[in-house]
Amino acid sequence: MMIGYAAAVSLLLLCTLSTVAHGRQIPDDLIRLPSDGSSFINRAFPEHNKGDDDDDSVETRWAVLLAGSDGYWNYRHQADVCHAYQVLKKGGLKDENIVVFMYDDIAYNEENPRPGVIINSPNGEDVYQGVPKDYTGDYLTVDNFLAAILGNRSAITGGSGKVVDSGPNDHIFIYYSDHGGPGVLGMPTFPNLYADDLVNALKKKHASGTYKSLVFYLEACESGSIFEGLLPEGLNIYATTAANAEESSWGTYCPGEYPSPPPEYETCLGDLYSVAWMEDSEKHNLRKESLHQQYELVKKRTANPNSAYGSHVMQFGDIALSKEKLFLYIGTDPANDNHSVNDDNSLAPMLLHAVNQRDADLLHFWDKFRKAPEGSSRKREAQKQFLEALSHREHIDNSVKLIGKLLFGIEKATKVLHAVRPASQPLVDDWNCLKKLVRTFETHCGSLSQYGMKHMRSIANICNAGVTNEQMVEAAAQACDRFPSNPWSSLQKGFSA
């Protein structure tokens with residue numbers, strides 16, 4: 001049999017050389033030695049197959065990375081995505097197969113104490129170096145993101161034009177880090193990304209037959225609501241989320257917490273779920289570690305049972321895919337070949353504290369105010385930012401409460417607005433109704449903003465109760481007798497729906 005095995009190799013090489021000798025033009029992606037050769041040999045001589053753990057002959061890995069925020073107080077989201085890029089690069093993915101969405105206003109921000117450098121942990125290396133700038137600034141949009149996933153270049157506006165041009169045997173990894181709310185994910189350019197639009201795009205991708213399996217990691221508040229009751233089995237998609245459908249996700253490596261960033265930083269460096277999966281990926285041989293093993297390790301670290309700071313990591317879709325090795329999706333760093341994983345591995349010391357994602361902006365403004373010299377313009381600016389943020393929060397909270405009372409009465413309003421559906425049901429029956437009522441609210445009361453996304457469940461419940469847009473217009477007009485003109489006003493950035 002060894003003679004036959006050697007003959008097969010010789011025959012394969014001879015055919016290749018013969019083709020080249022005759023001057024035939026062969027596309028670069030047609031000859032894939034040794035991967036195609038090894039696949040051929042393994043089919044012909046299965047007894048020589050070494051098994052999945054040692055097999056590098058994986059079809060193309062694709063990745064889409066998105067940080068959905070802007071502003072220095074949201075430093076951590078772009079730091080997360082830049083770090084993810086470095087993990088994938090060390091894992092062997094090529095730039096041509098990694099699509100990066102980030103606003104790119106952090107590295108050279110005047111607030112950044114290390115210009116041109118982004119870190120994702122207190123003693124971390126620069127993760128900004130080399131990151132492709134595929135879609136930045138105003139080109140970081142919902143339409144471009146979904147078009148990139150679908151491989152639809154004709155629907156792309158601006159940017160590099162790079163898309164996931166995948167084939168039926170390819171593996172896709174998508175990672176999204178940002179603010180969120182029930183049924184919605186934030187974007188730095190409006191509109192935001194709604195759960196139905198995302199899941200419909202994933203269904204369309206599956207229908208096109210252009211991937212073998214897809215893994216989606218999602219960091220956002222109430223991120224479980226994006227897939228709960230919406231993502232069916234049978235799409236060959238496995239998704240995990242930083243939180244369930246009713247809770248916040250958490251920032252980490254924040255000022256005043258432990259571990260804290262270097263003293264010159266006045267912002268959180270990362271997010272708890274995100275740094276958990278990346279720091280795990282950097283420690284182990286990912287040919288040996290399964291998606292399920294990482295899910296369990298990340299869930300344990302993110303829940304942080306020793307404190308009140310943490311969230312419940314969830315999984316959705318085709319759970320059976322979690323048996324597959326991480327290597328199929330994000331590769332593996334050869335430096336970790338001898339580092340296997342076991343269920344008792346600890347990713348890092350348990351965090352004593354973390355910061356609610358929605359409060360990270362307040363933390364930044366307060367730390368900036370606290371450190372600024374007395375009487376300085378910087379101190380006055382920080383105080384103004386802090387008070388404006390608090391005022392906006394109060395305005396949004398009071399507006400939603402008053403609208404609920406006008407629509408349902410004082411006694412029933414709280415019960416209706418705070419109702420939570422069973423886990424098997426999506427947030428809302430009519431997503432167009434939800435988007436229409438959000439726009440109506442923002443027309444009269446100003447932008448919900450990153451903070452106000454927490455009220456998306458209340459607006460969804462208004463839809464589920466059968467309230468018409470005309471009734472919402474009347475209630476919002478009564479509740480909001482002034483239109484805010486602060487930085488969170490919809491006059492500044494438009495409508496989120």
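Is Glu 222 buried or exposed? Glu 222 is buried, with a relative accessible area of 7%. Buried means under 20% relative accessible area, exposed over 50%, and partly exposed in between (1.4 Å probe, protein chains only).

The model is predicted: local features need pLDDT of at least 70, side-chain atom pairs count only at pLDDT 80 or more, and totals for chains, interfaces and linings use all residues. Residues are numbered from 1 along each chain as its sequence is written, and side-chain values use heavy atoms, with hydrogens and water left out.

**View 1. Glu 222 in its loop.** Glu 222 lies between strand 7 and helix 6 (224-227). Helices (H or I, at least four residues) and strands (E, at least two) are DSSP runs, numbered from the N terminus. Glu 222 is not a glycine, yet its phi is positive, about 50 degrees.

**View 2. The loop between strand 9 and strand 10.** Tyr 253 lies in this loop. Its phi is positive, about 55 degrees, although Tyr 253 is not a glycine. Tyr 253 is buried, at a relative accessible area of 7%. Pro 259 is found in the loop between strand 9 (250-252) and strand 10 (270-271). The peptide bond from Tyr 258 to Pro 259 is cis, with omega near -5 degrees.

**View 3. The cis peptide bond of Phe 190 and Pro 191.** Omega is about 5 degrees. Pro 191 sits in the loop between strand 5 (184-185) and strand 6 (193-194).

**View 4. Helix 8 and its cover.** Helix 8 (residues 291-303) has 13 residues. From first C-alpha to last, helix 8 reaches 18 Å, close to the 18 Å expected at 1.5 Å a residue. The expected span is 1.5 Å times one less than the number of residues. Buried residues of helix 8 include Leu 291, Tyr 295, Val 298 and Arg 301. Their cover includes strand 8 (237-241), helix 7 (272-281) and strand 11 (314-317); contact means heavy atoms within 4.5 Å. Asn 304 follows helix 8, with a positive phi near 45 degrees.

**View 5. Helix 11 against helix 16.** The axes of helix 11 (residues 377-408) and helix 16 (residues 469-479) come within 9 Å and cross at roughly 125 degrees. Axes are lines fitted to C-alpha atoms, for helices over the stretch in contact, and angles run from 0 to 180 degrees between N-to-C directions. The contact includes Leu 402 and Leu 406 of helix 11 and Met 472 and Ala 476 of helix 16.
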